[in-house]
Amino acid sequence: MHLQVLSSGSEGNCTLIRCGELSLLVDAGLTMRALSERFEAARVAPRQVDHIILTHAHLDHSRSAGIVGKRHDATVHCPMAMMQNRSVARAPKLSTLPIGGTFDLEVPRSDEALKVKTVQLPHDCAPTVAIELCYGGRKAVICTDCGHPRHDIAPKLKGAHLLVLEFNYDPQLLAAGPYPPKLQKRISSDHGHLSNAQAQELLRELVSPELHTLVLAHLSKKTNNPELALAAARETLEELGRSDVTVLVAAQHEIGPNLEV
């Protein structure tokens with residue numbers, strides 16, 4: 001199983017998972033033009049995407065899901081509450097995403113299925129979920145758009161070999177930044193996004209002996225920067241005696257490396 005972040009941030013989110021001959025996207029929040037550019041860069045052929053899993057309905061995660069579903073004849077898995085949304089309306093194949101549940105995706109030419117688990121997160125778009133993907137004894141976890149490190153989240157997602165975790169904002173940069181007070185309050189609320197310090201708190205509980213790669217995701221362009229997020233993540237890993245973990249920052253405008261889970 002391989003994971004490649006195609007885009008991460010407030011302008012759009014999309015992660016490509018390759019599992020044997022199966023290809024799927026977690027979120028499709030870019031414009032179709034931008035997604036097509038990322039597909040070309042990642043060498044995703046026409047009609048190669050088999051499934052699209054949407055973590056929630058915000059447009060920076062769902063914008064082009066229906067179009068991708070139609071062009072690739074892919075199944076869009078989304079919460080029941082999203083079924084009538086314009087972002088998925090063009091998809092010929094829709095499937096209800098279980099919230100706090102599991103389901104299997106068949107992998108062509110393999111006796112083993114890709115197991116998908118969802119874990120509900122506190123965010124101001126209900127429902128929002130983290131995604132766990134398991135195949136071949138390997139586990140990848142994608143956890144973004146989480147308002148606070150609620151105590152019950154980590155036990156349900158622990159044991160990842162590769163973890164994509166939100167490091168959205170720095171409180172000082174948020175307070176001094178260009179956002180109006182109402183938006184600042186929304187971002188920093190218990191149903192907004194994770195600050196670097198909150199991400200550290202969740203990371204402490206998510207790190208397991210299996211973890212080899214951590215990808216910092218959904219960084220705000222205006223209220224965070226890669227240096228601050230990297231420093232926070234590495235500080236926590238060093239505290240835990242896990243400075244051996246590779247730490248990467250997902251970018252908004254270019255694809256990340258194709259990572260082996």
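Cys14 is buried, at a relative accessible area of 1%; buried denotes under 20% relative accessible area, exposed over 50%, and partly exposed in between, with a 1.4 Å probe and protein chains only. The model is a predicted one, in which local features need pLDDT of at least 70 and side-chain atom pairs count only at pLDDT 80 or more, while totals for chains, interfaces and linings use all residues. Residues are numbered from 1 along each chain as its sequence is written, and side-chain values use heavy atoms, with hydrogens and water left out.

Let me stay with the cysteines. Searching the whole structure gives zero disulfides, a disulfide being a pair of cysteine sulfur atoms within 2.5 Å. For Cys14, the nearest cysteine sulfur belongs to Cys78, 15 Å away. For Cys134, the nearest is that of Cys19, at 10 Å.

I turn now to the nonpolar cores, meaning sets of buried Ala, Val, Leu, Ile, Met, Phe, Trp, Tyr and Cys residues joined through side-chain atoms within 4.5 Å. The largest has 30 residues, of which Leu165, Phe167, Leu214 and Leu216 touch the most other members. Its largest share, five residues, is supplied by H8; helices here are DSSP runs (H or I, at least four residues), as are strands (E, at least two), numbered from the N terminus. A further core of 28 residues lies apart from it, including Ile53 and Phe103.

Finally, where is Pro127 placed? Pro127 sits in the loop between strand S8 (114-121) and strand S9 (128-135), and is buried, at 15% relative accessible area. Thr55 is 72 residues away in sequence, yet the C-alpha atoms of Pro127 and Thr55 are 8.2 Å apart.
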